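Me: I have a structure open and want to go through some of its packing. Can we take it piece by piece?

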There are 2 protein chains.
Amino acid sequence: MVHGTSAGAGTGGATPGPAGPRAPLTRERVLARAVAIADEQGLAALTMRSLAQALDVKPMSLYHHVAGKDAILDGIVDVVFGEMELPEPGGDWRAELARRARSARSVLRRHPWAVPLLESRAVPGPANLRHHEAVLATLRDAGFSVPMTAHAYALLDAFVYGFAVQEAALPFDAGSAPQVAEAIAAQFSSGDFPRMTELAVEHVMQPGYDFGDEFEYGLGVILDALAASLPGD
Amino acid sequence: MVHGTSAGAGTGGATPGPAGPRAPLTRERVLARAVAIADEQGLAALTMRSLAQALDVKPMSLYHHVAGKDAILDGIVDVVFGEMELPEPGGDWRAELARRARSARSVLRRHPWAVPLLESRAVPGPANLRHHEAVLATLRDAGFSVPMTAHAYALLDAFVYGFAVQEAALPFDAGSAPQVAEAIAAQFSSGDFPRMTELAVEHVMQPGYDFGDEFEYGLGVILDALAASLPGD
DNA sequence: CTACCGTGACTTACTAAGTACGGCTGCGCA
DNA sequence: TGCGCAGCCGTACTTAGTAAGTCACGGTAG
């Protein structure tokens, strides 16, 4: 405790002094820090205590701004949704949905801890709702029927989420891919898994391979299929 | 503790008597119970203590069969993979992959807690490896090139996993769908989300709607696209 | 100027969970 | 018969979430 018992923050309350006598601690600040901790040290490192310490505050103070840890998890999921670009309902639906899908993928790649949370948090936040609404509006404005919109929506989101799950499960970042792949390959070099070995050695471990390219392939397949089902096309 | 301090179980050790003086506690038994607990009470209810109690054993005894909680999580993920039907590499690739996809979906629906674990467990278990190998072999035997196999594999699995994420996020089971949907609809009946309301009221809440049907649509789209990319077709 | 009160942060302490460490017991083998 | 080991248990330490009560400050009414 470098700022004294309580006198440090009490001078004005709003003056952001040199040694940073901390801003008044809002829900937004709490969630932003929580996202930062999860990004940097993983979701497991996000505890009420670590979060409080990062905000230069005692754990129980957080409860004045969020209802509890679950509320924080709900909140940071919605922060993540808020970072995704929304499609523009009026324009070129294909381009808009592609842009939105790529943005969602890159956001989920930046926050891989969010992927498992998408599932466990049943109550959607406002950014989540806005996001879904924009996608639905884009599809409907493009001329898709309601049932076809449901199909398209489910398929697109399944792909985006599923791809995020796969990327999050990749044990290596781009730089260390070869070594790790080799280590894994060594595990099943016994010949028990010839097809996996083939794929790894002949393709995935080759220089220039980027798993992210699979995203463009899948996205193209899906958007092509949707376009083909559009009556006016 | 109704069975006394320790005398109850010590009589024979192997005789599965009437009051069930418990089998010798193996890794398999531990994992099976863990799966059962997660199925019945959710992943959060799976603790070393609850697991031990369900096995009529003290917590620390578990550590003689599994390295720790993480090992249990790895283990039950692999149990889940083991429940999925494998595709037959020789046969009709489209039918085999469809069967495998449907099986995977139904398994993940039965064990929704497994979906977030798929992501966080980087080290694949034996059933997982077998599963991937079988899918890859089916694709290669069908005539897909190695790069195309990578595309197909990523797309198929992204869809299956993503669909599982969506299903796991559904806040209701089939029976209670209408009420919950109505409650949610009431939340945004303010008119802020007209497209979501439209979709919910005109389609999802209609009798006979089953989100699972979206799976068949998406699966068909993907398999059609893969078939179209096959040279000999 | 003073009494009052609401807000926000702090202190303490309880409970649940994972697990390290060491002890006890009964069975197989020499 | 005795010895070692596998399997189980008891105790206790550590971390995490959070309930409950307390304190300091600032604004406002009298």
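Me: Is B:F163 buried or exposed?

Reply: B:F163 has a relative accessible area of 0%, so the residue counts as buried. Buried means under 20% relative accessible area, exposed over 50% and partly exposed in between, with a 1.4 Å probe and protein chains only. This is a predicted model, where local features need pLDDT of at least 70 and side-chain atom pairs count only at pLDDT 80 or more, while totals for chains, interfaces and linings use all residues. Residues are numbered from 1 along each chain as its sequence is written, chains are lettered from A and ligands numbered from 1 in the order in which they are written, and side-chain values use heavy atoms, with hydrogens and water left out.

Me: Which ring stacks with B:F163?

Reply: B:F211 does: the ring centres are 5.0 Å apart and the planes are at 15 degrees, so the pair is stacked. Rings of Phe, Tyr and Trp (its six-membered ring) pair if their centres lie within 6.5 Å; planes under 30 degrees apart are stacked, over 60 edge-to-face and the rest tilted.

Me: Why does that pair tie together separate parts of chain B?

Reply: Because B:F163 lies in helix α7 of chain B and B:F211 in the loop between α9 (194-204) and α10 (212-228) of chain B, the pair links parts that are 48 residues apart in sequence. Both B:F163 and B:F211 are buried. Helices here are DSSP runs (H or I, at least four residues) and strands are too (E, at least two), numbered from the N terminus.

Me: How many aromatic pairs are there over all chains?

Reply: The whole structure has 10. One of them is B:F159 with B:F163, a tilted pair at 5.9 Å centre to centre and 50 degrees between the planes. These two residues are 4 residues apart in helix α7 (residues 146-169) of chain B, so about one helical turn separates them. B:F159 is buried as well, at 0% relative accessibility. In chain A, A:F159, A:F163, A:F211 and A:F215 form one aromatic cluster.

Me: What does A:A158 touch, leaving aside neighbours within four places in sequence?

Reply: A:A158 is in contact with A:F163, B:A158, B:F159, B:G162, B:F163 and B:Q166. Contact means heavy atoms within 4.5 Å. A:A158 sits in helix α8 (residues 146-169) of chain A and is buried at 0% relative accessibility.

Me: Switching to helix packing. At what angle do α10(A) and α6(B) pack?

Reply: About 75 degrees, with the axes of α10(A) and helix α6 (residues 126-141) of chain B 7 Å apart. That makes the two helices roughly perpendicular. Axes are lines fitted to C-alpha atoms, for helices over the stretch in contact, and angles run from 0 to 180 degrees between N-to-C directions. Under 35 degrees is roughly parallel, over 145 roughly antiparallel, 65 to 115 roughly perpendicular and the rest oblique.

Me: Which residues make the contact?

Reply: From α10(A), A:P194, A:R195, A:M196, A:E198 and A:L199; from α6(B), B:L129, B:H132, B:E133, B:L136, B:A137, B:R140 and B:D141. By class they divide into 6 nonpolar, 1 polar and 5 charged. Ala, Val, Leu, Ile, Met, Phe, Trp, Tyr, Cys and Pro count as nonpolar, Asp, Glu, Lys and Arg as charged, and the others, Gly among them, as polar.

Me: Is A:E198 buried or exposed?

Reply: Buried, at 16% relative accessibility. Not counting residues up to four places away in sequence, A:E198 touches A:H203, B:R140 and B:V146. B:V146, in turn, is buried with a relative accessible area of 10%, and among the residues B:V146 touches are A:L199 and A:E202.

Me: And within chain A, how do the axes of α5(A) and α7(A) cross?

Reply: Helix α5 (residues 93-110) and helix α7 (residues 126-141) of chain A come within 10 Å and cross at roughly 155 degrees. They are therefore roughly antiparallel. A:W93, A:E96, A:L97 and A:R100 in α5(A) meet A:H131, A:V135, A:T138 and A:L139 in α7(A).

Me: Last one: what is the phi of A:D56?

Reply: Positive, about 60 degrees, although A:D56 is not a glycine. Most residues other than glycine have a negative phi. A:D56 lies in the loop between α3 (48-54) and α4 (69-83) of chain A and is partly exposed at 34% relative accessibility. B:D56 also has a positive phi of about 60 degrees, and is partly exposed at 31% relative accessibility.
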